[in-house]
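User: Please take me through this model in short questions and answers. Start with the terms.

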Amino acid sequence: MQNNSIQVKGLQKSYNQLHVLNSVDFEVEQGSIFALLGSNGAGKTTIVKILTTLLKQDGGTATVNGFDITSKPDNVRQSISLTGQFAAVDEILTGEENLIMIAKLRHLKNPHQVTDNLIKRFGLTDAANRRVATYSGGMHRKLDLAMSLVGKPQLIFLDEPTTGLDPEARLEVWKIVKELADSGTTVFLTTQYLDEAEQLADQIAILHEGRIIASGTLAELKKLLPPTKVEYVEKQPTLEEIFLAIIGTKEAK
Ligand SMILES: Nc1ncnc2c1ncn2[C@@H]1O[C@H](COP(=O)(O)OP(=O)(O)OP(=O)(O)O)[C@@H](O)[C@H]1O
Ligand SMILES: [Mg+2]
């Protein structure tokens with residue numbers, strides 16, 4: 001019966017006088033990539049916090065993996081993983097120790113093997129035995145993402161997963177997100193990068209003034225605007241293409 005990973009109805013949230021979510025409705029299909037777009041302050045992180053049970057809504061209902069967020073918060077937490085907008089890693093531990101800690105907390109049988117694989121996948125081999133306090137911003141971000149993949153959660157929330165990453169790391173994250181969805185994990189992501197949503201998302205929703213004002217596949221959203229007039233102009237490479245060509249990375253398909 002259940003093929004929606006997330007179902008949200010009439011969600012409301014205010015911070016004192018500030019009405020952030022007026023009535024938010026959407027659904028996320030199991031195994032899909034869902035991108036929530038919205039300007040700064042639109043309420044994206046607020047929605048992520050409510051769905052991951054870190055914050056209580058004022059009104060409306062939501063189920064996550066079939067569990068009601070209000071009456072079954074423990075079940076919700078056990079079935080998801082979250083990479084928040086700001087990294088949640090232990091600065092005193094090394095990257096490797098952070099990953100092993102999470103793997104043990106998740107009761108995995110082979111914490112060292114899982115950790116080694118993730119370290120390789122995120123290109124953190126050289127830094128794995130250094131304290132996280134010495135990591136760059138992008139390295140923090142990668143470790144944070146790696147930590148949320150420990151134990152293959154059914155549903156993963158990524159709040160602005162590629163903010164602060166260099167183009168190469170960004171493409172790597174895109175690849176990982178696609179692989180996750182291919183293996184059946186549902187991905188809920190928020191992003192400021194419209195090309196990211198365009199590249200990754202099966203479903204896109206735009207949050208504006210407390211409501212979802214448009215949602216659908218990219219093709220469906222494109223139908224909302226009249227087709228543009230075709231003009232013939234020489235296509236200049238984007239700075240991203242130049243950057244990637246110079247540092248020698250193939251662009252992800
Ligand atoms: N704890 C809080 N107390 C008061 N106001 C808050 C609190 N958390 C968020 N807000 C306000 O709620 C609004 C929505 O914030 P939220 O963090 O959900 O936005 P966002 O869409 O994630 O923005 P961004 O793109 O900048 O991350 C903002 O105006 C913010 O200032
Ligand atoms: Mg946010």
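Analyst: Helices (H or I, at least four residues) and strands (E, at least two) are DSSP runs, numbered from the N terminus. Two strands pair if DSSP finds at least two bridges between them. This is a predicted model: local features need pLDDT of at least 70, side-chain atom pairs count only at pLDDT 80 or more, and totals for chains, interfaces and linings use all residues. Residues are numbered from 1 along each chain as its sequence is written, while chains are lettered from A and ligands numbered from 1 in the order in which they are written.

User: In what order do the six strands of the open sheet run?

Analyst: The pairing in this open sheet is mixed. Strand 6 (80-83) and strand 10 (211-216) are its edges, each pairing on one side only. The order is 6-7-8-3-9-10.

User: Which residue in strand 7 is the bridge partner of Thr83?

Analyst: Strand 6 and strand 7 (residues 155-159) are parallel, with four bridges. Ile80 faces Leu155. The partner of Thr83 is Leu158.

User: Are the residues of strand 6 buried or exposed?

Analyst: A residue is buried if 20 or more other C-beta atoms lie within 10 Å of its own, exposed if 12 or fewer, and partly exposed in between, with C-beta atoms placed from the backbone. Ile80 and Leu82 point one way, Ser81 and Thr83 the other way. All are buried.

User: At about what angle does helix 5 run to strand 6?

Analyst: Helix 5 (residues 137-148) lies across strand 6 and strand 7. Helix 1 (residues 44-51) also packs on the sheet, at about 150° to strand 7. For helix 5 and strand 6, the angle is about 175°.

User: Which residue of the strand 9 and strand 10 hairpin takes a positive phi?

Analyst: These strands are antiparallel and joined by five bridges. His208 stands opposite Arg211. Two residues lie between the strands, and the one with a positive phi near 50° is Glu209.

User: Which element gives the largest share of the shell around ligand 1?

Analyst: The shell counts residues whose C-beta atom, placed from the backbone, lies within 6 Å of the ligand. Among them are Tyr15, Gly43, Lys44 and Gln85. Strand 2 (18-29) supplies at least two residues, as does helix 1. The largest share, three residues, comes from helix 1.

User: Why does Gly43 count as buried?

Analyst: Gly43 sits in the loop between strand 3 and helix 1. Contact means C-beta atoms, placed from the backbone, within 7 Å. Beyond four places in sequence, the contacts of Gly43 include Val20 and Gly210. Gly43 is buried because the number of other C-beta atoms within 10 Å is 26.

User: What separates the C-alpha atoms of Gly43 and Gly210?

Analyst: The two residues are 167 residues apart along the chain. Their C-alpha atoms are separated by 7.2 Å.

User: Which residues have the most contacts inside the largest nonpolar core?

Analyst: Such a core is a set of buried Ala, Val, Leu, Ile, Met, Phe, Trp, Tyr and Cys residues joined through C-beta atoms within 7 Å. This one has 56 residues. Leu51 touches Ile6, Ala62, Val64, Ile69 and Phe157, leaving out residues up to four places away in sequence. The residues with the most contacts are Ala35 and Leu51.

Note on methods: Two residues are in contact if their C-beta atoms, placed from the backbone, lie within 7 Å. Axes are lines fitted to C-alpha atoms, for helices over the stretch in contact, and angles run from 0 to 180 degrees between N-to-C directions.
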